[in-house]
Amino acid sequence: WKKMSSLVEKELRMTLSKDLGNAGALLALGDLLYDEHRELSEAEACYRKILQRNPTHTGAIRGLVHMLLDKPKTVEIEVLMKRWATTTPEDKDLLFARARYAEVIDANYQQAEDFAHQALQSSPRDAKALEFAGRLALRRGDEEEAEALYNRLVA
């Protein structure tokens with residue numbers, strides 16, 4: 001996979017050398033750099049270039065929010081999530097980001113769990129939401145629910 005990922009990165013960079021404003025290539029490169037290579041500053045630059053041209057680009061907002069949740073930069077995250085909610089309020093990724101925000105920033109585990117379950121209603125087999133909801137169930141001591149969520153994850 002690492003070799004394939006390097007080839008994809010090379011292809012995306014070649015596309016961007018011809019068209020610097022290609023939002024699809026910038027988003028794909030940002031996601032690749034963030035998810036696979038953990039090159040956070042370069043991934044962040046990709047997302048921000050997209051948002052300079054299109055402040056409501058959901059994919060770039062999603063990538064940047066998830067990245068910032070790892071840092072965390074609360075004011076910027078709140079602004080981005082509000083912008084995201086105006087374009088796609090029921091997006092499972094937005095609900096998942098809200099769940100992570102409630103957990104990481106607010107330490108409000110009940111709210112985090114509520115958002116995780118909303119994300120699962122939207123997409124019942126979403127691996128990130130299942131794992132997250134299972135972890136939160138374990139946090140509150142409900143091993144039975146956590147096991148059920150983890151079983152759904154591997155089914």
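**Entry 1: A102 and its surroundings**

I started at A102, which touches A107, N108, Q111 and A112, leaving aside residues up to four places away in sequence; contact here means heavy atoms within 4.5 Å. A note on what I am looking at: this is a predicted model, where local features need pLDDT of at least 70 and side-chain atom pairs count only at pLDDT 80 or more, while totals for chains, interfaces and linings use all residues. Residues are numbered from 1 along each chain as its sequence is written, and side-chain values use heavy atoms, with hydrogens and water left out.

A102 lies in helix α6; helices (H or I, at least four residues) and strands (E, at least two) are DSSP runs, numbered from the N terminus. Buried or exposed? I looked up A102 and found 1% relative accessibility, which counts as buried. My cut-offs are under 20% relative accessible area for buried, over 50% for exposed, and partly exposed in between (1.4 Å probe, protein chains only). I also checked A102 against F115: they are 13 residues apart along the chain, and their C-alpha atoms are separated by 8.6 Å.

A107 sits in the loop between α6 (92-104) and α7 (109-122), and I have A107 down as partly exposed at 45% relative accessible area.

**Entry 2: cores**

Which residues touch the most other members of the largest nonpolar core? I get Y47, V65, I77, L80 and M81, out of 29 residues. A nonpolar core is a set of buried Ala, Val, Leu, Ile, Met, Phe, Trp, Tyr and Cys residues joined through side-chain atoms within 4.5 Å. Two or more residues come from each of α1, α2 (23-37), α3, α4 (58-69), α5 and α6. A second, separate core has 17 residues, L95, A102, L130 and L136 among them. So that is where A102 from my first entry belongs, being buried at 1% relative accessibility.

**Entry 3: salt bridges**

I counted 14 salt bridges in the structure, taking a salt bridge as a side-chain nitrogen of Lys or Arg within 4 Å of a carboxyl oxygen of Asp or Glu. Side chains of opposite charge can pair when their charged atoms come close.

- E42 pairs with R13, with the closest N and O atoms 2.5 Å apart. This links distant parts of the chain, E42 in helix α3 (residues 40-53) and R13 in helix α1, 29 residues apart. Both ends are partly exposed: E42 has 28% relative accessibility, and R13 has a relative accessible area of 32%.
- R48 and E76 meet through their side chains at 2.6 Å, N to O. R48 is in helix α3 and E76 in helix α5 (residues 74-87), distant parts of the chain 28 residues apart. I noted R48 as partly exposed at 27% and E76 as partly exposed at 24%.
- E113 pairs with R140, where the closest N and O atoms are 2.4 Å apart.

H66 is in helix α4 and is buried at 6% relative accessibility. Its side chain makes a polar contact with the side chain of R100 at 3.5 Å. I take a polar contact as a pair of N or O atoms within 3.5 Å; within protein, one must be able to donate a hydrogen and the other to accept it, and residues adjacent in sequence count only if both atoms are side-chain atoms. With residues up to four places away in sequence left out, H66 touches Y34, W84, D93, F96, A97 and R100.
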